[in-house]
Amino acid sequence: MASLHVPLSSLPRPSFRPTGKLLIRCSADRQALFNRIAPVYDNLNDLLSLGQHRIWKRMAVSWSGAKEGDTVLDICCGSGDLTFLLSEKVGPHGKAVGLDFSNEQLLIASTRQKLRSKTCYKNIKWMEGNALDLPFPDSSFDAVTIGYGLRNVVDRHRAMTEICRVMKPGSTLSVLDFNKSINPLSTTVQEMMIDNIVVPVASGYGLENEYKYLKSSIKDFLTGNELEKLALEVGFSTAEHFEIGFGFMGNLVAIR
């Protein structure tokens, strides 16, 4: 904690008020999309992954190396799944921050926190902010996660640069997302699943158009090798990408 220029406890508690500085570089369309899907986001994740997303998220948090007493950050936290898992890792004497640009997702995360009884969850603070302009001093965090978020930011290089900036030397970043495979067969199967399972199921919730973006967003994403290269370019000392979930998901592990 001594390395923090400003203690996180002094940061404002979540008021969910947007600020121009933090949101100016956000894609308004993407922000609106995640606000729209927020009410059913968790149910859809469970349904579409048959609950497997919970295993992948536990793996991502484990890879982050977060431990008792750490100060940790979950970027693009959504409704808080990874943030809650990080909170359990760092315990009541640690601090966990969940940051997202979706006001609706943060409200759901905050409500979930109030309904949970574990003492450690009191260490969580929710903040509305932009992954491209993180509102924290340099070298603030012992571990950082970002789940299904890097794919959606409008400038991945800047986002990764900002993440590297706020991490302490020797700390670990864990990035969970869909895997952009270089195997044509895997890509074809992934696209068929999106077209024939994900989008039809989402349409039952009135969100067909919102989930059609998935296929194009994966096409526009980076391969595992490209993610490793990006991490090294922005200042991480090592980077390794792991394929999980039968190769449909991937997790980048980068050490600051």
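This is a predicted model: local features need pLDDT of at least 70, side-chain atom pairs count only at pLDDT 80 or more; totals for chains, interfaces and linings use all residues.

Begin by selecting R151, which counts as buried because its relative accessibility is 3%; here buried means under 20% relative accessible area, exposed means over 50%, and partly exposed lies in between, with a 1.4 Å probe and protein chains only. R151 sits in the loop between strand 4 (141-147) and helix 7 (156-166), where helices (H or I, at least four residues) and strands (E, at least two) are DSSP runs numbered from the N terminus.

Residues are numbered from 1 along each chain as its sequence is written, and side-chain values use heavy atoms, with hydrogens and water left out.

Stay in the loop between strand 4 and helix 7 and select Y148. Its phi is near 55°, a positive value in a residue other than glycine, and Y148 is buried, with a relative accessible area of 12%. Most residues other than glycine have a negative phi. F246 counts as exposed, at 83% relative accessibility.

Next, select helix 5 (residues 81-90), which is mostly covered, with 8 of its 10 residues buried. The buried residues are D81, L82, T83, F84, L85, L86, S87 and V90. Directly after helix 5 comes G91, whose phi is positive, near 75°.

Now bring in helix 6 (residues 103-115), whose 13 residues reach 19 Å from the first C-alpha to the last, close to the 18 Å expected at 1.5 Å a residue; the expected span is 1.5 Å times one less than the number of residues. Which residues of helix 6 are buried? Color Q105, L106, A109, S110, R112 and Q113, which are buried in helix 6. These residues cover an arc of only 160° around the axis, and therefore lie on the same side of helix 6, the arc being that of the directions from the helix axis to the C-beta atoms. An α-helix has 3.6 residues a turn, so residues three or four places apart point the same way. On the face of helix 6 turned away from its buried side, look for the exposed residues K114 and L115.

With both helices displayed, turn to the charged side chains. The structure holds 11 salt bridges, a salt bridge being a side-chain nitrogen of Lys or Arg within 4 Å of a carboxyl oxygen of Asp or Glu. Select D81 and R112, which form one of them, with their closest N and O atoms 2.9 Å apart. Since D81 lies in helix 5 and R112 in helix 6, the pair ties together parts that are 31 residues apart in sequence.

Then select K118 and E88, a salt bridge whose closest N and O atoms are 3.5 Å apart. K118 lies in the loop between helix 6 and strand 3 (124-128) and E88 in helix 5, so this pair ties together parts that are 30 residues apart in sequence. K118 counts as partly exposed at 44% relative accessibility, and E88 is partly exposed as well, with a relative accessible area of 30%.

Continue to K219 and E191, whose salt bridge has its closest N and O atoms 3.9 Å apart. This pair links distant parts of the chain, with K219 in helix 9 (residues 208-219) and E191 in helix 8, 28 residues apart. E191 counts as partly exposed, at 22% relative accessibility.

Finish with I197, which has its place in helix 8 (residues 184-203) and counts as partly exposed at 41% relative accessibility. Select L185, V189 and M193 along with I197, and you have a nonpolar surface patch of about 330 Å². Such patches are made of residues with over 30% relative accessible area and no salt bridge, in which like charges are joined within 9 Å and nonpolar side chains (Val, Leu, Ile, Met, Phe, Trp, Tyr) within 5 Å. Accessible areas come from the Shrake-Rupley method with a 1.4 Å probe, and for residues only the protein chains shown count as cover.
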